[in-house]
Amino acid sequence: MDASLEKKIADPTLAEMGKNLKEAMKMLEDSQRRTEEENGKKPLSGDIPGPLQGSGQDMVSILQLVQNLMHGDEDEEPQSTRIQNIGEQGHISLLGHSLGAYISTLDKEKLRKLTTRILSDTTLWLCRIFRYENGCAYFHEEEREGLAKICRLAIHSRYEDFVVDGFNVLYNRKPVIYLSAAARPGLGQYLCNQLGLPFPCLCRVPCNTVFGSQHQMDVAFLEKLIKDDIERGKLPLLLVANAGTAAVGHTDKIGRLKELCEQYGIWLHVEGVNLATLALGYVSSSVLAATKCDSMTLTPGPWLGLPAVPAVTLYKHDDPALTLVSGLTSNKPADKLRALPLWLSLQYLGLDGIVERIKHACQLSQRLQESLKKVNHIKILVEDELSSPVVVFRFFQELPGSDPGLNAIPTPSAAPSAVGRERHSCDALNRWLGEQLKQLVPVSGLTVMDLEVEGTCVRFSPLMTAAVLGTRGEDVDQLVACIQSKLPVLTCTLQLREEFKQEVEATAGLLYVDDPNWPGIGVVRYEHANDDKSSLKLDPEGEKIHAGLLKKLNELESDLTFKMGPEYKSMKSCIYIGMASDDIDVSELVETIAVTAREIEENSRLLENMTEVVRKGIQEAQVQLQKANEERLLEEGVLRQIPVVGSVLNWFSPVQASQKGRTFNLTAGSLESTEHTYVYKVQGSGVTPPQTPTGTRVKQRLPGQKPFKRSLRGSDAISETSSVSHIEDLEKVEQLSGGQEASEANSPERHRAAPTPLEAEPPGALQDEAQGLQDDHLQVEEPESLR
């Protein structure tokens with residue numbers, strides 16, 4: 001292919017440029033594939049800047065450095081697909097930038113002719129493709145730059161003395177720029193910064209509230225605003241309409257707006273993704289009216305999948321002097337060469353290729369829209385505009401006994417408590433749904449967005465993504481299948497959230513945390529004994545308890561996912577419970593959380609207080625032994641304490657001294673006398689340890705049934721009668737086993753007292769250790785010298 005390229009192209013520089021571009025792109029793509037295959041091998045040296053080499057580097061080394069900077073971080077996987085899907089038409093547009101640098105080296109006359117030809121051809125092709133007759137074109141890198149130049153042109157057209165008097169003309173009669181409330185964010189601020197106008201020169205026109213789409217400009221209210229501004233001595237200058245809003249793709253009533261602008265002498269500018277449909281054979285009347293506007297901004301780069309292609313603003317104006325002073329035209333060849341990448345790409349694609357790409361994107365959106373209409377619990381926000389290439393949808397769940405539309409789009413007249421909670425819950429679930437779909441079907445190009453009225457929604461705009469990502473019809477079918485597979489999880493989770501909240505609020509020791517951003521069943525926090533409810537700071541003791549609780553819950557191997565994190569409005573730790581894919585027994589879940597957390601708290605307190613309890617017990621035992629020695633001294637007399645005399649007196653008159661000591665029960669935390677041990681030659685059972693906190697009910701599970709699963713009611717295998725009888729049988733077996741153990745304990749073969757039933761099962765692993773220490777009592781005997 002390189003040899004044929006050199007034969008057809010007489011200019012060796014052009015042939016070498018095409019060859020080098022092809023080799024450079026191939027090298028970058030091959031290096032990227034090798035980087036993905038070699039896991040963990042990152043070229044770190046290329047990311048470290050060093051001194052500029054005096055001898056210079058070859059092209060291969062420089063491209064290798066570029067490759068390291070582009071793909072050195074393997075974590076950024078979504079960006080790597082952009083280069084793989086550029087294709088040959090992308091290489092053509094990239095060649096335009098290199099070719100522009102080469103063309104700029106020509107002599108002035110050749111450069112002028114060539115740039116004029118490129119600019120005129122591209123302008124003519126775009127005007128014919130998008131049905132904008134007798135228009136001029138301005139090519140710009142920043143998408144909003146064209147509108148800023150149009151505003152300058154409108155100011156120069158309406159203010160004849162603006163070039164001479166400048167700001168004084170604007171001060172005497174302030175201009176007004178009208179923007180829709182559905183315009184893209186930051187557009188008004190950008191225009192004021194570029195034009196040097198104060199923010200009061202902007203007028204935000206609200207959308208429809210009663211009739212029509214809630215994302216279309218209210219024409220009647222706009223006319224009222226224009227009349228009010230004229231009465232105040234202001235000059236209505238320019239109106240920005242939308243042919244496909246940035247959020248949901250709705251089109252304003254451009255025909256009615258054009259009549260209003262002609263009536264009051266206002267410049268009408270149109271922008272939006274729906275302008276791409278002007279290239280198709282069938283165009284809706286609302287979008288077709290945009291061909292009569294004063295100017296429009298097109299973005300053919302994302303529409304056609306062309307990288308590094310400028311945006312285009314088409315306009316109609318007869319005064320070349322004003323367009324020159326406004327910056328829409330330029331005598332510099334470099335400004336005219338901006339159209340070169342688009343000039344090359346349009347010739348490569350051809351008219352049929354351009355129409356086919358736009359048509360394919362519209363077919364994808366219609367295919368998804370028709371499929372989602374058959375899916376329950378999915379609300380489409382653009383149902384009334386079949387021609388719109390944008391599909392916006394969201395999941396919703398009807399409240400029992402309420403209006404379906406009330407839950408889909410809450411209104412101010414609705415009850416704030418129920419609808420507000422429903423709105424926040426659906427927003428979190430839709431955010432989770434959008435993120436799941438983006439991971440499952442990455443070529444769909446979905447985006448998650450927050451709308452003021454509808455809430456969180458998912459947007460599918462293939463005109464902006466399909467050509468780059470290579471989206472096909474099969475991908476849309478896969479997207480619909482993924483949505484249907486996630487609906488049971490969403491509906492089940494939403495139904496269990498209110499029940500979970502009620503169960504937590506009715507359980508002592510648990511606090512329900514209202515986190516609107518969590519898509520799961522809910523968030524709960526355990527309030528321990530030393531919990532300061534008024535403080536919002538980090539609680540180390542609570543964090544320790546919740547960490548142990550999270551470990552215990554994950555060990556249950558249930559279908560639920562548990563996470564630990566800070567509370568929504570404070571730094572205290574909480575347990576976050578994830579999505580529910582099946583019918584969950586919420587009462588059992590909440591009871592398990594409460595019992596487990598309480599057990600962890602008691603065990604932790606037993607461990608923390610063990611040292612202090614033992615220290616105090618030893619001190620108390622020493623005091624009691626000291627008192628016993630003093631009493632013994634008074635009973636035996638002073639003579640028996642003298643070494644020689646005491647031995648003689650003890651030989652003539654022996655004293656029957658009893659072995660006195662103290663034993664410390666670690667479980668009960670109390671001192672006991674050792675007299676019982678020396679008399680009966682056995683250790684006492686001590687004080688009964690406290691009971692382990694357990695649930696109020698015991699649930700019988702089938703073999704293989706996971707925790708927190710609700711049992712099937714009315715089943716032949718497990719009925720209420722059989723469950724009750726089975727529990728009674730278990731109780732009888734426990735009673736018989738208890739009686740047998742008691743008889744074995746009273747048998748003469750056993751030399752030690754049998755532990756009580758409650759001692760046999762102490763609460764927790766720490767109390768098992770405590771019971772073992774109780775069996776080997778900590779004894780404090782009186783010294784032998786004092787006996």
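Predicted model: local features only at pLDDT ≥ 70, side-chain atom pairs only at ≥ 80, totals over all residues.
Across the chain, the mean pLDDT is 77, with 68% of residues at 70 or more.

**Confidence**
- Residues 74-84 are another stretch where pLDDT stays under 50. Here the model has 15 contacts beyond four places in sequence.

**The chain as a whole**
- You're looking at 28 helices and 18 strands.
- The chain runs to 787 residues, and 43% of them count as buried.
- Take the contacts with a separation of 6 or more: 70% of them come from residues 24 or more positions apart.

**Helices H11 and H12**
- H11 covers residues 219-231 and H12 covers residues 254-264. Their axes come within 11 Å and cross at roughly 15 degrees.
- Because angles under 35 degrees count as roughly parallel, H11 is roughly parallel to H12.
- As for handedness, H11 and H12 make a right-handed crossing.
- On the H11 side, the residues that meet H12 are Val219, Leu222, Glu223, Ile226, Lys227 and Ile230. H12 brings Arg256, Leu257, Leu260, Gln263 and Tyr264 to the contact.
- Sorted by class, the contact of H11 with H12 comes out at 7 nonpolar, 3 charged and 1 polar residues.

Terms used:
Residues numbered from 1 in each chain as written. Heavy atoms only, no water. pLDDT = per-residue confidence, 0-100. Contact = heavy atoms within 4.5 Å. Axes fitted to C-alpha atoms, helices over the stretch in contact; angles between N-to-C directions. Helix = DSSP H or I, 4+ residues; strand = E, 2+ residues; numbered from the N terminus. Parallel < 35°, antiparallel > 145°, perpendicular 65-115°, else oblique. Left-handed = near helix turned anticlockwise from the far one by under 90°. Nonpolar A, V, L, I, M, F, W, Y, C, P; charged D, E, K, R; others polar. Buried < 20%, exposed > 50% of the residue type's maximum accessible area, 1.4 Å probe, protein only.
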